[in-house]
Structures are given as C-alpha cells and as structure tokens.
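Subject: Structure handover

Hi there,

Here is the structure I promised to pass on to you.

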Amino acid sequence: MNRRAALAGVLALTTGLTLAGCSTDSAPELKVVDAFMPQPVSDMAAGFLVVQNSGGTDDRLTSVTSPLSDDVTIHETKNQKMREVSSFEVPAGGELDLERGGNHIMFMKLKQKPKQGEKVSVELHFEKADPITVDLPVKETTHNPKKQ
C-alpha cells in the first residue's frame, strides 16, 4: 500500500509538471508598446498601440475599457471605411498593430477632453491572457510615429 501511494504521488507530480510545462510554453505572452492618443478635438478620440505576443499561442483582443468613456470600441478600417468589430487576433510570435489609417480604439462621448502631455488609462481585455492596463500619452493632434 505504501509503495502504491508513493507511485501515485510520483505520477501526479510528473503529470502536473508536464502540464505546467506545456501551458507555460504555449501561453500567449503579451506586451504593449508605442501607445498614444492624439489630442481629441471633439467628444470622440482614437487610441493607437501595438500588442506584441512572444508566446506560442494566438490570443484575441476582445474589448477595451477606460474611465475616459463608457463607450469604448475597437474598429477596423478596410477600403477607407471604418466599422466596429468584436475582436482582433494577436498572433503567436507576432503583433496586433492599432495604427492611424488602420485598426484602432474608438472612444465616444468623452467625459472630458484630455490635453497634450496628459495620460489616459485603458484596460485591454483578451480572450486568454489577463487584462493589461496601459497609459496612453496624449500627443499633438497630428502625431503619427510611423515612418513615411
């Protein structure tokens, strides 16, 4: 009986370590860079950032929340037309690029207009990874960090 209990313990430990190893290797590993918000000129604003995934599993950005607005959505731009979407893929070993002229975060009915030099807090929600809180520095209205 003692030998059986010891064997069961070893098997449980080995299985646990194996499962932990698999999930750690393949889990999404997300990091946000290049975040900013152009200073809004109306009661709407846009947010831009890059979500990098160095993990081995795809993830999806499913929503964004912020104290700046109760109406924050994610939009794609195709053929110069903008439309709300329910999620964006964050590919394993790749990135989701929310940029001017492309996919982006939309803030409607702003509670206040942030000024250049301030920061706007947002929380990004994902299908698999834990939420990530990011401060978007407010830049001049025409700010575009992409090299032309």
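This is a predicted model: local features need pLDDT of at least 70, side-chain atom pairs count only at pLDDT 80 or more; totals for chains, interfaces and linings use all residues.

Residues are numbered from 1 along each chain as its sequence is written, and side-chain values use heavy atoms, with hydrogens and water left out.

Most residues other than glycine have a negative phi. Asn79, however, has a positive phi, near 50°, and Gln80, found in the loop between E4 and E5, has a positive value near 60°. Asn79 counts as exposed because its relative accessibility is 75%, and Gln80 is exposed too, with a relative accessible area of 81%. For these classes, buried means under 20% relative accessible area, exposed over 50%, and partly exposed in between (1.4 Å probe, protein chains only).

**The chain as a whole**

The protein chain has one helix and 10 strands, and from the N terminus on the order is α-β-β-β-β-β-β-β-β-β-β. Of its 148 residues, 34% are buried. Among contacts (heavy atoms within 4.5 Å) with a separation of 6 or more, 70% are between residues 24 or more positions apart. The chain exposes about 9,100 Å², of which carbon and sulfur atoms supply 51%; accessible areas come from the Shrake-Rupley method with a 1.4 Å probe, and for residues only the protein chains shown count as cover.

**Core and strands**

The largest nonpolar core has 28 residues, and Leu61, Ile105, Phe107, Leu124, Phe126 and Leu136 have the most contacts inside it. Such a core is a set of buried Ala, Val, Leu, Ile, Met, Phe, Trp, Tyr and Cys residues joined through side-chain atoms within 4.5 Å. Not counting residues up to four places away in sequence, Ile105 touches residues including Ala45, Val64, Thr73, Leu98 and Leu124.

Thr73 itself lies in strand E4 (residues 71-78). Thr73 is classed as buried because its relative accessible area is 12%. Leaving aside neighbours within four places in sequence, Thr73 contacts Glu84, His104, Ile105 and Met106. Its side chain also makes a polar contact with the side chain of His75 (3.4 Å). A polar contact here is a pair of N or O atoms within 3.5 Å; within protein, one must be able to donate a hydrogen and the other to accept it, and residues adjacent in sequence count only if both atoms are side-chain atoms.

In strand E9 (residues 119-126) you will find His125. The His125 side chain has polar contacts with the side chains of Thr65 (3.0 Å) and Glu123 (3.3 Å).

The largest pocket has a volume of about 180 Å³. On a 1 Å grid over the protein atoms alone, a pocket is an open set of points where a 1.4 Å probe fits, with protein on both sides within 12 Å along at least five of seven lines; lining residues have an atom within 4 Å of a point. Grid points are joined across faces, edges and corners, and the volume is the space filled by probe spheres set on the points. Strand E2 (residues 45-53) gives the largest share of the lining, three residues. The lining also includes Pro38, Gln39, Arg100, Met106 and Thr141.

Thr141 is in the segment after E10. Thr141 and Gln39 are 102 residues apart in sequence, yet their C-alpha atoms are 4.8 Å apart. A polar atom of the Thr141 side chain lies 3.3 Å from the backbone oxygen of Gln39. Thr141 counts as partly exposed because its relative accessible area is 38%.

Lys146 is in the segment after strand E10 (132-139).

Best wishes

Terms used:
Helices (H or I, at least four residues) and strands (E, at least two) are DSSP runs, numbered from the N terminus.
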